[in-house]
Structures are given as structure tokens and as C-alpha cells.
Amino acid sequence: ALIALMATVFMEIYGKRGLRELATQNLSKAHYLGSKVKPHFSGLYFNEFVAAAKSPEAINAKLLGKKIVGGLPLADLYPELGHTMLLCATEMTKRADMDAVAEAF
């Protein structure tokens, strides 16, 4: 019920045009990041994708030093996806942060 309430408030605040704008920003920013860090899979994605990473933990440690929350290492959840991580970009993600993520790779 809390998530439904949150979604309702979000839709009320942003409206139809605002939600479309947020979706466009999410898509654009994720694809900007995807152009810098090659996605592991070739399918379509919206605002998150899986990227190959030799050492997800080392990448996240570098990013944490820059006060950036890195991606989710997937090896523990999906052993067949060892050396990959889930990356996400939203309307709140800054280009400089995405460039730092790409540099950490």
C-alpha cells in the first residue's frame, strides 16, 4: 500500500507531461552511460543494464572514494553472471558521475 501511495503522489506531482519527461531523461542517461560502459547483453534496456566488470568490488571502492554509489555486483545473486554488475542511471544521475563510473571501469 505504501508503494501505491508513493506512486499516486508521484503521478499527482509530475502529471502526464512530467512523467514522460522523467522517462525520457532516464532513457537518455542510461544510454549515455551504456555508450561509455558496454552492456553485457545486447537487448533493449530502460534505465538499468548489466555491464561486464573484471572486479566489481574494486570499481565500487573507487567510486565510493568519489562519493558515488556504484553498481550491484551480480555474482552472489547469479553465479553465472560472475564479473558483472547492474548499473542504473536516473533523472538524478549527473553526467560527471556517469563519466566517473566509465573511468572506473
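Is Ala 30 buried or exposed? Select Ala 30 and find out. Its relative accessible area is 0%, so Ala 30 is buried. Here buried means under 20% relative accessible area, exposed means over 50%, and partly exposed lies in between, with a 1.4 Å probe and protein chains only.

Before moving on, two notes on the model. This is a predicted model, in which local features need pLDDT of at least 70 and side-chain atom pairs count only at pLDDT 80 or more, while totals for chains, interfaces and linings use all residues. Residues are numbered from 1 along each chain as its sequence is written, and side-chain values use heavy atoms, with hydrogens and water left out.

**Stop 1: around Ala 30**

Stay on Ala 30. It is found in helix H1. Helices (H or I, at least four residues) and strands (E, at least two) are DSSP runs, numbered from the N terminus. Now show the neighbours. Leaving aside residues up to four places away in sequence, Ala 30 touches Tyr 45, Phe 46, Asn 47, Phe 49 and Ala 89. Contact means heavy atoms within 4.5 Å. Next, pick the C-alpha atoms of Ala 30 and Phe 105. They are separated by 16 Å, and the two residues are 75 residues apart along the chain.

Move to one of those neighbours, Asn 47. This residue is found in the loop between H1 and strand S1 (48–52). Asn 47 counts as buried, at 17% relative accessibility. What does Asn 47 touch, not counting residues up to four places away in sequence? The list is Asn 26, Ala 30, Leu 87, Cys 88, Ala 89 and Thr 90.

**Stop 2: H1 against H3**

Select H1 (residues 2–36) and H3 (residues 95–104). Their axes come within 9 Å and cross at roughly 30°. Axes are lines fitted to C-alpha atoms, for helices over the stretch in contact, and angles run from 0 to 180 degrees between N-to-C directions. H1 and H3 are therefore roughly parallel to each other. Angles under 35 degrees count as roughly parallel, over 145 as roughly antiparallel, 65 to 115 as roughly perpendicular, and the rest as oblique.

The crossing of H1 and H3 is right-handed. A crossing is right-handed if the near helix is turned clockwise from the far one by less than a right angle, and left-handed if anticlockwise.

Show the side chains. On H1, pick Lys 29, Tyr 32, Leu 33 and Lys 36; they meet Arg 95, Met 98, Asp 99, Val 101 and Ala 102 in H3. This contact divides into 5 nonpolar, no polar and 4 charged residues. Ala, Val, Leu, Ile, Met, Phe, Trp, Tyr, Cys and Pro count as nonpolar, Asp, Glu, Lys and Arg as charged, and the others, Gly among them, as polar.

**Stop 3: H2 against H3**

H2 passes H3 in a right-handed crossing. In H2, select Ile 59, Lys 62 and Leu 63, which meet Ala 100, Val 101 and Ala 104 in H3. By class, this contact has 5 nonpolar, no polar and 1 charged residues.

**Stop 4: the salt bridges**

How many salt bridges does the structure hold? There are 2. A salt bridge is a side-chain nitrogen of Lys or Arg within 4 Å of a carboxyl oxygen of Asp or Glu. Side chains of opposite charge can pair when their charged atoms come close.

Select Asp 99 and Lys 36. Their side chains meet in a salt bridge at 4.0 Å, N to O. Asp 99 lies in H3 and Lys 36 in H1, so the pair ties together parts that are 63 residues apart in sequence. Asp 99 is partly exposed at 30% relative accessibility, and Lys 36 is partly exposed at 44%.

Now select Lys 66 and Glu 103. This salt bridge is 3.6 Å, N to O. Lys 66 lies in the loop between H2 and strand S2 (72–73) and Glu 103 in H3, so the pair ties together parts that are 37 residues apart in sequence. Lys 66 is partly exposed, at 45%, whereas Glu 103 is exposed, at 60%.

**Stop 5: two positive phi angles**

Select Lys 67, in the loop between H2 and S2. Its phi is positive, about 60°, although Lys 67 is not a glycine. Lys 67 is exposed, with a relative accessible area of 80%.

Finish at His 83, in the loop between S2 and strand S3 (84–88). His 83 has a positive phi of about 65° and is not a glycine either. His 83 is exposed, with a relative accessible area of 54%.
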